[in-house]
Number of protein chains: 2
Amino acid sequence: MPTYTPPTDEMQFLLHDVLDIGNAGIPGYDELDRDFTAAVLDEAGRIAAEVLAPLNATGDAEGCTLDNGAVRTPAGFREAYGQIAAGGWIGLDADPAYGGQGMPYLLNTAVGEMFVSANMAMNMYWGLTHGAMSAIHVHGSEAQKALYLPKMIEGIWSGTMNLTEPHCGTDLGLIRTRAEPQPDGTYRITGTKIWISAGEHDLTENIVHLVLAKIPGGPEGTKGISLFIVPKFLPDADGNPGPRNALECVGLEHKMGIHANATCVMSYEGATGFLVGEEHKGMRAMFTMMNEARLGVGLQGYAQGVVAYQNALAWARERLQGRALGAPANPDGPADPIMVHPDVRRNLMHQKSLVEGARAFTFWGAQLIDRAHRGHDDRAEALISLLTPVIKGFLTDKGFETTVLAQQTLGGTGFTRAAGLEQFVRDARITMIYEGTNGIQSLDLVGRKLPQDGGRAMRDFFEIVKGFIRENEGDAELKSGFLDPLKTASKDLQAATMYFVEQGMKNPADALAGSYDFMHLFGHVCLGLMWARIARAARAGLAAGTGDAAFLTARIATGRYYMARQLPATGLHLARITSGAETVMALDPDAF
Amino acid sequence: MPTYTPPTDEMQFLLHDVLDIGNAGIPGYDELDRDFTAAVLDEAGRIAAEVLAPLNATGDAEGCTLDNGAVRTPAGFREAYGQIAAGGWIGLDADPAYGGQGMPYLLNTAVGEMFVSANMAMNMYWGLTHGAMSAIHVHGSEAQKALYLPKMIEGIWSGTMNLTEPHCGTDLGLIRTRAEPQPDGTYRITGTKIWISAGEHDLTENIVHLVLAKIPGGPEGTKGISLFIVPKFLPDADGNPGPRNALECVGLEHKMGIHANATCVMSYEGATGFLVGEEHKGMRAMFTMMNEARLGVGLQGYAQGVVAYQNALAWARERLQGRALGAPANPDGPADPIMVHPDVRRNLMHQKSLVEGARAFTFWGAQLIDRAHRGHDDRAEALISLLTPVIKGFLTDKGFETTVLAQQTLGGTGFTRAAGLEQFVRDARITMIYEGTNGIQSLDLVGRKLPQDGGRAMRDFFEIVKGFIRENEGDAELKSGFLDPLKTASKDLQAATMYFVEQGMKNPADALAGSYDFMHLFGHVCLGLMWARIARAARAGLAAGTGDAAFLTARIATGRYYMARQLPATGLHLARITSGAETVMALDPDAF
């Protein structure tokens, strides 16, 4: 059985020493002093470790079952969900006007990481609710907000996103689900939606489906898509669930992982739907959910890496095989712990440097969201919009990679179900696929986000990197171990950006063929920046004599590994990008 | 349901045009003309596609069951195994003196790829037999050979390897299984062995276990290990299985993949064993099996990539989403096949260039084995000994990567069980672990193989690369697209080798910390060499007007992709290697 240890110390260090949230000047952050965040994180960590984690393997083994349209979640899920809802965790960062706790998104992110590490499949039941709440909050009418948000925040009702249909996922312009206007102002929704996470379950008294559909006679393609609220039970004006709506879960997907989350085929058979926002403007509203979901999926990716790494480390400390170079580490035992071996250590450092860097990147992204939304800062909004596909694509690729490396640390044991590592691999795998495959993320990055506003957000990013280097160059140790490699990597990113600007107009295929490598190049520079910021904070703490010296030293050592052994990947990505589309597209499709 | 298409055309091209087996001067190769190999490959391909592949998903779903010491394999396995045995495939390359067909190992390798692509879990039942046969053939007495080999070659008896125990896998010096000499010259074997593939099943009338054990009073560590034949049923002198031996399968592992292969916990309770070779010389004999098994596992890795890629390609041709840049490819349809998109194409080219390069590398390795064994060529023996950990480690890492990329091509569908891609991922995963984890392969490469005979085999490898470049530099297109990148990559490999030679003596940790990257660097140079050889053969075919021009052109285009987009990884690996052990080992084990 794998174990989970909440990394609250690392989170506290990130929040207060690296991100310096006390001085961030973001509305609402003034409440977040060290004691307060410690209390919240400790309680969330306790729930994660004691309530959620013990149900992760059992939920995977049992899975969900569908019987006559009703989905049963695994044993223990109802009780655990009840504790999450009762604790107010679902509305932690929701609007207090509707019963939320009004905390910053950053705090919600830290809590979310622990819940996801402990039990990703279960967390999705309320994770999807969160996205649906955001869409209603931003795009719904006052009446819709008043009717739905309090119930969702309380966890009595849950939410879903309905986009994909059997013949289209990425290309939403092809959807066929119809929404026919009715005299009473509602719409009749008819169609089939697939991959609906938490589309049906036994955890809440109602489920609020957000459904993309086309109103007949509207514009072609994505310009004719509208968004509807389609509740499982139609609520009356007081919010009491009334008659059953004409929708049903008609199938569950049998999947590689996240068995405990019900992935539903939903059939809408003339169901009553309520328009959200304006007709034909559904894509905009759906992007609100999708952008949030993409950040959440990036978090899922590295959070699986976090728990996988913890278990790999525990094994590497206990498993005795072979002897260390030089003096034995365990002279009284039959062999040394495998952690003494350089190749095992390399593997562990690889995992550790990825997940800690990923956490810092994700927290920084969450802070940017708070700055954008709470501080009404357009530049922060544009920057996080640029970084969202990087967080989703890079961190899920690296999160999955981490779970595979962690599994590898255990050798044959890692391949067994009992050790639990293989579940982290299977669960993490979906994060590279859903909410837009990572290939789609890279196209969003290169095709949409990069050129926005003439590339302003990208320039802002480079300014942040340059500014950081400039401010800290006086620290010789920081310079050689962190700033110099960061500068090299950042130059690779600039060269790639220039390549796209120059080639993109002449031959867009060149940019598209390099998009995936660009996403990874960008991700590495972001993690390089994060490690440089972490190292600066750790050095400051050491210099001031505050904090745990061993803890701070460990951060610097881990960062130095990243800079020396991971960050140089930027050169490879640049080489691939600048080789252009020619070799990628040369082979005739029929000749494959 | 996934499909499988035997790649016999590609194999024929490799055998006759790239490896030029007709002129290789290897005893036994004179029989292998084009028509002969075509007939063998066609028949093997037919069996793979029609008999083995249809049982792959069902075998995974059903798995093996253990009841009172007896293991039941999935439905259809007995019949399919019977066809393989009756067709003489198990002894295809075995000694005719014992009923084998005496074919070269190379042909066996080509056949094996198809069987493994079609059904890896099933193929292991006779794959392990093959390794056990080799150990008995090389190290057994004449009487042992006469008693066991004919039955194993015929497939009436199967074989296993018993190395690992619960407390030790890699570090075999720690094994506790005892072998007590008996007055009649046999040994009483007592102990527990784990991860025994095909340790118990219902496919054969007897199972020949090869077991590592220690004779009490012998030397400490691996120098005190002996190898024993421990049959499930003790045969009489005529080879009739007699009384049941005191051994039992006491458990099956529940695993991430290869569900249809029984991974057994074997308990030996005073079982009768027969010494193979000399007392305390068991490791040498086991290495015969292990080296062969490592090549076989490398093949398993890329063979899963082959079938995964085939299914990704089929999906990319059929799935309609979005439109091509420029003119639509499918103007009458609602959208274009996703294959038109540069990022999808990049993913497919990545897969294709890896699996085809891996096949060439593996076939070349098999040819080296034939040259070593049939031609009694020590240099070939030393070279394949050097390359074995690269084939195992690099090709299984890349094979697994390919299955993951192929799964990604299918988007959400790839995550479903029905599509079958997720099984290829789960099955391929074990190849990075068993027969020595890939970390162990890299240590074998750097610590043992590289320095052997003063580095002679490595110098031989460099001479092969240089010789090839020298001979072909006159071809300008080959030079720019293939030879120049190969030269650059080979220089990276030389630099890494020099680093190990220089640093290895001063600080062995530097070499060990870079071993994994060295294995990958080496693997890339090998695949680069293979693609250069393939391109030369294809260009010769085009110039001569022989062969299918579209087929030959496709080989060159795929190779050019590899050289431009994959081979530059050597620079990254070199950078990591030369960063040394410092950042890898800096963090105190307690500070992780």
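Predicted model: local features only at pLDDT ≥ 70, side-chain atom pairs only at ≥ 80, totals over all residues.
**Salt bridges, a chain interface and a buried strand**

Between chain A and chain B, the count of salt bridges is 4. One of the pairs I would point to has the side chain of D517(A) meeting that of R565(B), with 3.6 Å from N to O.

Let me stay with the two chains for a moment. The contact involves 89 residues of chain A and 89 residues of chain B, and the two chains bury about 7,300 Å² between them, of which 62% is on carbon and sulfur atoms. On the chain A side, the residues that lose the most area to chain B are F415(A), R565(A) and F592(A), which together make up 12% of what that side buries.

Now to the salt bridges across the whole model, where the count over all chains comes to 59. One of these joins R359(A) to E10(A), with the closest N and O atoms 2.7 Å apart. This pair links distant parts of the chain, since R359(A) sits in helix α9, residues 342-373 of chain A, while E10(A) sits in helix α1, residues 8-18 of chain A, and the two are 349 residues apart.

A second pair is R379(A) with D460(A), whose closest N and O atoms are 2.8 Å apart. R379(A) is partly exposed at 41% relative accessibility, while D460(A), at 16%, counts as buried.

For a local case, turn to chain B, where E401(B) forms a salt bridge with K398(B), the closest N and O atoms being 3.1 Å apart. Why are these two separated by about one helical turn? They are 3 residues apart in helix α10 of chain B, which accounts for that separation. E401(B) has a relative accessible area of 24% and is therefore partly exposed, and K398(B), with 11%, is buried.

Staying in chain B, helix α13, residues 456-472, has 17 residues and reaches 24 Å from its first C-alpha to its last, close to the 24 Å expected at 1.5 Å a residue. Its buried residues include F461(B), F462(B), V465(B), F468(B) and I469(B), and D460(B) is buried as well. What do the buried residues of α13(B) pack against? They pack against four helices of chain B, namely α9 (342-373), α10 (378-409), α14 (476-506) and α16 (515-544).

Strand β3, residues 157-162 of chain A, is mostly covered, with 6 of its 6 residues buried. Both faces of β3(A) are covered, with W157(A), G159(A) and M161(A) on one side, and S158(A), T160(A) and N162(A) on the other. It is joined to β6(A) by 6 bridges, and the two strands run parallel. Within that pairing, I207(A) in β6(A) is the bridge partner of S158(A).

I207(A) itself lies in strand β6, residues 206-214 of chain A, and is buried, with a relative accessible area of 0%. Beyond its neighbours within four places in sequence, its contacts include S158(A), T160(A), H201(A), V230(A) and P231(A).

The record lists "domain: Acyl-CoA dehydrogenase/oxidase C-terminal" for residues 281-444, a span that is 71% helix and 0% strand, with its end C-alpha atoms 19 Å apart.

Definitions and conventions:
Residues numbered from 1 in each chain as written. Chains lettered and ligands numbered in written order. Heavy atoms only, no water. Buried < 20%, exposed > 50% of the residue type's maximum accessible area, 1.4 Å probe, protein only. Contact = heavy atoms within 4.5 Å. Pairing = 2+ DSSP bridges. Expected span 1.5 Å × (residues − 1). Buried area = accessible area lost by both parts, 1.4 Å probe. UniProt positions renumbered as here; feature names shortened; annotations may be inferred.
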